Amino acid sequence: MSDGTTQTHHRVCHLCEAMCGLVIRTAGNQVVDIRGDDNDPLSRGHVCPKAVALQDIHEDPDRLRKPLKRVRTAPGEYQHIEIEWAEALDLAADALASTIETHGVDAVGAYFGNPSVHNYGMLTHQRNLFRHIRTRNRFSATSVDQLPHHLVSLWCFGHMLLHPIPDVDRTHYFLMLGANPLASNGSIWTVPDVRRRLKDLKSRGGKLVVVDPRRTETAELASEHLFINPGTDAALLLAMIHVLFRDGLVAPGPLADFTDGLDEVADAVGELTPEWAASLTGIAAADIERIAHELASAEAGICYGRMGVSTQAYGALCQWAIQVVNVATGHLDKPGGSLFTHPAMDQVVNTNPGGFARFASRGRGLPEFNYELPAVTMVDEIRTEGEGQIRLMFTGAGNPVLSTPNGRALDEALEEIEYMISVDPALNETTRHADLILPPTSPLEHDHYDIAFHNLAIRNTARYNPPVFEKPEGALHDWEIFAALGERVASRLNLEAMPTVPPDRLIDAALRAGPYGDHTEWQLSIEKLKAHPSGIDLGPLQPSCPDRLQTPNQRIQLAIPEVLADIQRFRADTVIPAEHYRLIGRRHVRDNNSWMHNHHRLMKGKSRCQLLMNPVDVEKEGWQSGMTVTIQSRVGSIDAELLASDEMMRGVVSLPHGYGHGLQGTRGEIAGRHAGVSCNDITDELFIDALSGNAAVNGVLVQLSASAAA
Ligand SMILES: Nc1nc2c(c(=O)[nH]1)N[C@H]1C(S)=C(S)[C@@H](COP(=O)(O)OP(=O)(O)OC[C@H]3O[C@@H](n4cnc5c(=O)[nH]c(N)nc54)[C@H](O)[C@@H]3O)O[C@H]1N2
Ligand SMILES: Nc1nc2c(c(=O)[nH]1)N[C@H]1C(S)=C(S)[C@@H](COP(=O)(O)OP(=O)(O)OC[C@H]3O[C@@H](n4cnc5c(=O)[nH]c(N)nc54)[C@H](O)[C@@H]3O)O[C@H]1N2
Ligand code: SF4
Ligand SMILES: [Mo]
């Protein structure tokens with residue numbers, strides 16, 4: 001649309017999981033403004049402060065526009081210089097092919113970061129390259145995040161992507177653990193405008209209970225907030241299950257016809273009383289009993305846990321217990337409870353179900369999941385000599401130096417590696433080690449269909465939007481980079497390259513063959529979605545079990561032997577040393593992990609990289625806000641500014657992740673001015689959820705002292 005001077009574009013925001021619809025006005029090659037799209041059936045006009053950053057990302061002078069090659073300028077000193085695409089792609093393919101020929105495919109390590117799931121071309125075309133490189137040394141942000149969800153969905157429901165989604169708009173009781181959607185805008189739960197939806201829950205007489213070691217923005221809005229000792233949620237959940245059985249509240253309703261294992265679960269929680277849980281969690285036994293009763297008696301209820309209960313030492317046990325609570329109370333697969341989605345492009349049908357522990361890492365024997373090894377063991381796989389040692393590292397849309405435990409060790413290990421290739425628009429803490437950086441087009445220069453997050457959304461909708469701007473001459477989209485590398489590597493290794501089909505064609509085929517496709521009255525296709533640029537509403541979530549279940553016998557499985565064994569590990573691990581604090585993370589609505597700190601509009605105001613500590617603890621130590629404290633863990637120490645805050649539970653301190661900018665060789669003028677420190681310099685690669693291999697970035701034991709440097 002055009003009024004002569006400005007053009008109006010529709011676009012869905014891909015920055016977080018909320019998928020807000022946007023209306024973007026442009027004049028020539030300039031963005032005029034970015035607003036919420038009132039006609040989007042899912043987001044209905046909502047946006048957060050990050051939406052305007054799409055313009056800032058596009059215009060960022062530090063965003064790479066051409067490939068960079070690292071050259072040595074003096075012993076131990078390097079510089080990145082621009083080169084042409086043809087040379088860059090050839091160099092990358094030469095390095096990949098020669099590494100594979102000399103050392104085998106496992107010598108290529110790969111790490112994919114969070115934005116790779118938000119970039120649909122990257123999702124569709126990674127395999128153009130990696131089908132030729134079936135390395136065991138694949139890693140991703142999954143294992144610093146939601147791995148326990150995938151594992152539990154695979155075990156209980158038969159597919160790693162079959163996650164129950166909180167039906168917030170129709171629920172009456174919402175028990176939320178370790179999530180702060182008011183800052184994160186929801187996760188494994190695509191829920192734009194979550195604040196209003198949670199307020200509506202309260203206005204219709206419902207209750208929101210938040211369990212978190214910090215009184216977060218979400219906890220502030222909740223009907224009730226309970227502090228919990230970090231890493232002890234499993235006790236709370238297991239004791240709730242105990243109460244459900246003890247008090248005759250187990251009522252799965254129709255789920256009983258297709259659920260296996262409830263009796264074994266009853267046996268496993270037989271001794272796990274609310275009193276036992278109270279001593280670990282810090283939550284009174286009476287409260288644990290009351291919440292179990294309230295949730296069980298709610299007409300429709302939800303138990304949901306996210307990041308804070310996944311990235312802790314019992315992440316998988318917690319996620320399993322959450323699903324047991326939902327099944328036992330009969331709230332699963334019911335309107336107002338947790339439901340499976342039915343998206344237009346159904347990943348549950350289109351992808352493999354996932355698998356676990358089919359092989360283990362060489363160094364620490366950690367299990368694979370979905371052919372990926374845990375990110376906490378990346379450094380071991382770079383440093384442990386022998387067959388399968390990583391010699392070439394490939395990163396795509398990731399910044400593991402800032403985002404994975406003991407990032408400092410990774411920072412050093414990447415410097416030792418023979419060759420490194422990064423597909424990324426930033427010269428950051430990770431890519432500064434790369435011999436080659438291949439930068440894709442900006443988000444406004446490519447089209448978008450959200451492959452991943454429609455699968456996790458509170459309503460079934462579909463939306464496709466073409467690019468806002470044409471890509472500059474010669475620039476390549478992420479998918480084109482992967483396709484080009486795939487072709488070149490295939491030809492060097494005498495393999496057959498995959499045909500290159502643009503992502504919109506692949507999506508079109510999937511939509512037309514899908515549940516709202518050619519054989520239905522919806523007739524969904526890319527053409528149809530183009531004609532409805534604000535998206536198409538496919539209706540609310542519906543009960544879908546047992547048909548939707550993907551387990552071999554199409555029944556929900558609860559008696560998972562690995563999980564039942566893990567209850568014993570948890571019971572044996574209860575000692576919290578005195579004179580230590582527990583470190584947890586936090587998110588702010590204007591941050592997005594490590595990569596959006598170079599935009600003035602998001603960074604203005606006071607520093608957000610401060611250590612929050614309860615005022616009573618601050619006073620006990622004889623400290624004050626504003627001073628610098630040293631935070632020491634097993635792996636290292638960092639200094640941060642202290643801020644007394646009664647949001648914090650006693651004995652717990654909080655620092656956001658994703659900071660620690662301004663390192664030598666990086667490019668990011670504004671990020672450098674707001675450098676902060678990386679909390680992952682002190683998170684511990686040995687502190688993990690031993691069941692899944694997931695990183696435990698929350699609940700890290702730390703010692704605090706007044707900084708000598710101050
Ligand atoms: N202590 C602690 N650590 C954490 C967390 C925590 O809560 N606490 N959270 C964890 C979680 S949940 C996650 S998901 C991870 C995130 O960890 P990562 O995914 O490793 O890190 P990001 O900061 O998201 O880095 C994203 C990178 O992708 C690039 N990028 C952005 N868009 C695109 C694109 O379209 N194409 C390409 N090719 N590149 C792009 C950016 O320039 C940046 O380099 O961090 C984890 N680490
Ligand atoms: N603004 C913004 N939005 C984002 C991101 C971002 O960086 N910034 N990142 C995106 C990504 S990659 C993800 S995965 C999602 C994550 O989305 P959420 O899961 O909502 O993540 P957080 O906001 O980190 O909330 C985690 C909460 O867990 C609490 N917590 C820590 N330890 C424990 C514990 O032991 N028990 C309990 N019960 N709680 C604990 C923390 O205090 C925190 O409030 O957000 C996404 N959205
Ligand atoms: S909530 Fe997420 S999807 Fe919506 S505007 Fe903000 S960053 Fe974009
Ligand atoms: Mo994440």
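Asp 333 sits in the loop between helix H14 (315-328) and strand S14 (338-339). Helices here are DSSP runs of H or I with at least four residues, strands are runs of E with at least two, and both are numbered from the N terminus. Asp 333 has a positive phi of about 60° although it is not a glycine. Is Asp 333 buried or exposed? Its relative accessibility is 9%, so it counts as buried. The cut-offs: buried means under 20% relative accessible area, exposed means over 50%, and partly exposed is in between, using a 1.4 Å probe and protein chains only.

A quick word on ground rules: this is a predicted model, where local features need pLDDT of at least 70, side-chain atom pairs count only at pLDDT 80 or more, and totals for chains, interfaces and linings use all residues. Residues are numbered from 1 along each chain as its sequence is written, chains are lettered from A and ligands numbered from 1 in the order in which they are written, and side-chain values use heavy atoms, with hydrogens and water left out.

Asn 494 is another residue other than glycine with a positive phi, near 55°. You'll find Asn 494 in the loop between helix H19 (478-492) and helix H20 (503-513). Asn 494 is exposed, with a relative accessible area of 71%. For one more backbone detail, look at the peptide bond from Cys 545 to Pro 546: it is cis, with omega near 5°. Pro 546 belongs to the loop between strand S23 (536-540) and strand S24 (556-557).

Now zoom out. The protein has 25 helices and 32 strands, and buried residues make up 62% of its 710 residues. Its C-alpha trace spans about 70 × 70 × 55 Å along the principal axes. A compact globule with 710 residues would have a radius of gyration near 27 Å, and the protein's 25 Å agrees with that. That radius is taken over C-alpha atoms, and the globule rule is 2.2 Å times the number of residues to the power 0.38.

Next, the ligands. A residue is near a ligand if one of its heavy atoms lies within 4 Å of it. Ligand 2 is surrounded by 32 residues, and the closest are Ser 184, Asp 212, Asp 233, Asp 591 and Asn 593. Around ligand 1 there are 30 residues, with Tyr 111, Asn 114, Ser 403, Asp 424 and Ser 594 coming nearest.

Here are some polar contacts, meaning pairs of N or O atoms within 3.5 Å.

| Residue | Part of residue | Ligand atom | Distance |
|---|---|---|---|
| Lys 50 | side chain | nitrogen of ligand 2 | 3.2 Å |
| Asp 212 | side chain | oxygen of ligand 2 | 2.6 Å |
| Asp 591 | backbone | nitrogen of ligand 2 | 2.7 Å |
| Asp 424 | side chain | oxygen of ligand 1 | 2.7 Å |
| Asn 428 | side chain | oxygen of ligand 1 | 2.8 Å |
| Asn 680 | side chain | nitrogen of ligand 1 | 2.9 Å |

How much of ligand 1 does the protein cover? The protein covers 96% of the 920 Å² of accessible area that ligand 1 has on its own. Such areas come from the Shrake-Rupley method with a 1.4 Å probe. Where does ligand 1 lie? Domain 1 (68-143 + 349-445 + 469-513) and domain 3 (571-706) both give residues to its shell, so ligand 1 lies between them. These domain bounds come from an automatic or database domain assignment.

Technical notes
A polar contact is a pair of N or O atoms within 3.5 Å; within protein, one must be able to donate a hydrogen and the other to accept it, and residues adjacent in sequence count only if both atoms are side-chain atoms.
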